[in-house]
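Subject: Structure for you to look at

Dear colleague,

I am passing on a structure that I have been going through, and my notes on it follow below. Please keep it open beside this message while you read.

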Amino acid sequence: MNADRTAEPAAAVLFVCLGNICRSPTAEGVFRVALERAGLAGRVRTDSAGLGDWHVGAPPDRRAIQAARRRGYDLTALRGRQVEPADFTRFGWILGMDDANLRALTALKPPDFEGHLGLLLEFAPQMQMREVPDPYFGGPEGFDRVLDLIEASAAGLVARLQPIVTRD
Ligand code: 4NP
């Protein structure tokens, strides 16, 4: 493996939601596994962050951890953090879960950001959904729905990034 590539991943993706304890850590955990399965681990930097600061330093919501574990994903090591200005230089792909996230990110975006700022579900058009609904105030089925949407999007995002990060 090329040592330079190991030091600096060819692409960097930041998943963003409101609290960084339900949707975006789930996206981070699912996407990491999708990258590993595609043989692209180490080529894509992956992280998640929240627009609010209520859960900084906290692990994901217990319901998100449990729903993810049932599908084989381990979210327990993740800790919440807030979106910061440096994210727009460290990440070329910044993906919000819903329109409120996207509006807030657009307001924070520096004028010289040249990356892709959009919604995660752009990468799963077959799901015919624009937003990943916030499951925080709902029942456990909401967390399974989040996983369905995120697994589909992660597959689409890996397919989109694969030619970019394997280019010589
Ligand atoms: P998330 O869900 O944005 O998917 O992490 C939420 C978690 C916490 C809150 C809102 C949404 N909250 O208001 O604390």
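I would begin with helices α2 and α6, whose crossing is right-handed. Please bear in mind throughout that this is a predicted model. Helix α2 covers residues 23-37 and helix α6 covers residues 141-165, and the two pack at an angle of about 45 degrees with their axes 9 Å apart. Because an angle between 35 and 65 degrees belongs to neither the roughly parallel nor the roughly perpendicular class, α2 and α6 are oblique to each other. On the α2 side the contact is made by R23, T26, A27, V30, F31, A34 and L35, while α6 contributes V146, L147, I150, E151, A154, L157, V158 and L161. Sorted by kind, the residues of this contact comprise 12 nonpolar, 1 polar and 2 charged.

Helix α6 also packs with helix α3, which is made up of residues 62-70, and here the angle is about 55 degrees, with the axes 9 Å apart. These two helices are therefore oblique to each other as well, and α3 passes α6 in a right-handed crossing. The residues that meet are R63, A64, A67, A68 and R70 of α3 and F143, D144 and L147 of α6. In this contact of α3 with α6 there are 5 nonpolar residues, no polar ones and 3 charged ones.

The other thing to look at is the ligand, which is surrounded by C17, L18, G19, N20, I21, C22, R23, W54, H55, D134 and Y136. Which atoms of R23 lie 2.7 Å from an oxygen atom of the ligand, those of its side chain or those of its backbone? It is an N or O atom in the side chain of R23 that lies at this distance. For N20, by contrast, a backbone N or O atom lies 3.2 Å from an oxygen atom of the ligand, and a polar backbone atom of I21 is 3.0 Å from a ligand oxygen atom.

Note on methods: Residues numbered from 1 in each chain as written. Predicted model: local features only at pLDDT ≥ 70, side-chain atom pairs only at ≥ 80, totals over all residues. Heavy atoms only, no water. Axes fitted to C-alpha atoms, helices over the stretch in contact; angles between N-to-C directions. Helix = DSSP H or I, 4+ residues; strand = E, 2+ residues; numbered from the N terminus. Parallel < 35°, antiparallel > 145°, perpendicular 65-115°, else oblique. Left-handed = near helix turned anticlockwise from the far one by under 90°. Contact = heavy atoms within 4.5 Å. Nonpolar A, V, L, I, M, F, W, Y, C, P; charged D, E, K, R; others polar. Near = heavy atom within 4 Å. Polar contact = N/O pair within 3.5 Å; in protein donor to acceptor, adjacent residues only side chain to side chain.
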